[in-house]
Amino acid sequence: MVQDHQEHGRAFVEEMAEKSPVAAVRGQAAFELGWQAKWRITQDGVRGLGFGTKLTDAGREAQTARAEKYLTRATTAGDAPMAYGKGTVAAHARAELAGLKNLATLRVGKAAPDIVGETVEGAKFKLSDTRGKVTVVVFWATWCGPCMRMVPHEKKLVERLQGRPFALVGVNGDDDRVKARDAARDKGMTWPSFWSGVDGADGPIARAWNVHTWPTVYVLDARGVIRFTGHGDAKLDEWVDELLAEVGNGARGR
């Protein structure tokens, strides 16, 4: 309904968010309205989604305000469960708000937001622990065929750059931590991978980084600035080598 191009469905959901006597319905309706507005921003310009013209600056501001309004309202839904998937409306809304806040920084030339959490192995870890190294962040999952096909290439990259200022960090989108851990061990993924939680692809890390396509790849320079993004490994070696050359030139310059 929130995707209704004729506005009828969206108007109905807006009324439910405002007037439903059931708190869980109000929360879910508000969440969907906020999610749709944020989705409109993150997917602006993506082919095949039927949005028509790209957002103007004013349109982007309006969608941002709409997303913030409804997602903030959804955070007050208490322990109301999501109508689909796992978790509560409030928890999902908070994660989407984090992603909304990160929209301005999750782009080339901006410092990547930190990730603080646990790896699939259960170890405490922060993305900022890799500062000073060229870092590749890969959002992957066992259910994602293209993600798993990248693993042999990632292993070769890690082996080739052993001893260099380089780090590979995964973010796993499985809802089963044991399955993710076992897959990482079986495939020889020696690098750390954050676990995004029981909500899998809709977990807080994936939502905060506005990841809708798996795999999604971010390449950060030694300062933690996003320099390249993509959805595969076609240019990964080229990007990494370019940034490692910058680290080497800087070291000689000092």
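This is a predicted model: local features need pLDDT of at least 70, side-chain atom pairs count only at pLDDT 80 or more; totals for chains, interfaces and linings use all residues.
**Overall build**

Along the principal axes, the C-alpha atoms fill a box of roughly 65 × 40 × 30 Å. Of the 254 residues, 45% are buried. Among contacts with a separation of 6 or more, 64% link residues 24 or more positions apart.

Rolling a probe the size of a water molecule over the atoms shows where empty space is left. The structure holds one cavity of 30 Å³ or more. Among the 14 residues lining the largest cavity, Leu 127, Ser 128, Arg 131, Leu 220 and Gly 224 are the closest to its centre. The largest pocket, for its part, is lined by 21 residues, and those nearest its centre are Thr 42, Gln 43, Leu 106, Asn 210 and Tyr 218.

Here are the two spaces, one item at a time:

| Item | Value |
|---|---|
| Volume of the largest cavity | about 90 Å³ |
| Lining of the largest cavity | five nonpolar, five polar and four charged residues |
| Volume of the largest pocket | about 570 Å³ |
| Lining of the largest pocket | eight nonpolar, nine polar and four charged residues |

Which elements each supply at least two residues of the lining of the largest pocket? They are α2 (23-42), β6 (216-220) and β7 (226-230). Of the elements, β6 gives the most, with three residues.

**The loop between α7 and β6**

The loop between α7 (204-208) and β6 deserves a visit of its own. Asn 210, one of the residues nearest the centre of the largest pocket, lies in this loop. Although Asn 210 is not a glycine, its phi is positive, at about 55 degrees. Is Asn 210 buried or exposed? Buried means under 20% relative accessible area, and Asn 210 has 14% relative accessibility, so it counts as buried.

Pro 215 is found in the loop between α7 (204-208) and β6 as well. The peptide bond leading from Trp 214 to Pro 215 is cis, with omega near -5 degrees.

Notes. Residues are numbered from 1 along each chain as its sequence is written. Side-chain values use heavy atoms; hydrogens and water are left out. On a 1 Å grid over the protein atoms alone, a cavity is a set of points where a 1.4 Å probe fits but cannot get out, and a pocket is an open set with protein on both sides within 12 Å along at least five of seven lines; lining residues have an atom within 4 Å of a point. Grid points are joined across faces, edges and corners, and a volume is the space filled by probe spheres set on the points. Ala, Val, Leu, Ile, Met, Phe, Trp, Tyr, Cys and Pro count as nonpolar, Asp, Glu, Lys and Arg as charged, and the others, Gly among them, as polar. Buried means under 20% relative accessible area, exposed over 50%, partly exposed in between (1.4 Å probe, protein chains only). Contact means heavy atoms within 4.5 Å. Helices (H or I, at least four residues) and strands (E, at least two) are DSSP runs, numbered from the N terminus.
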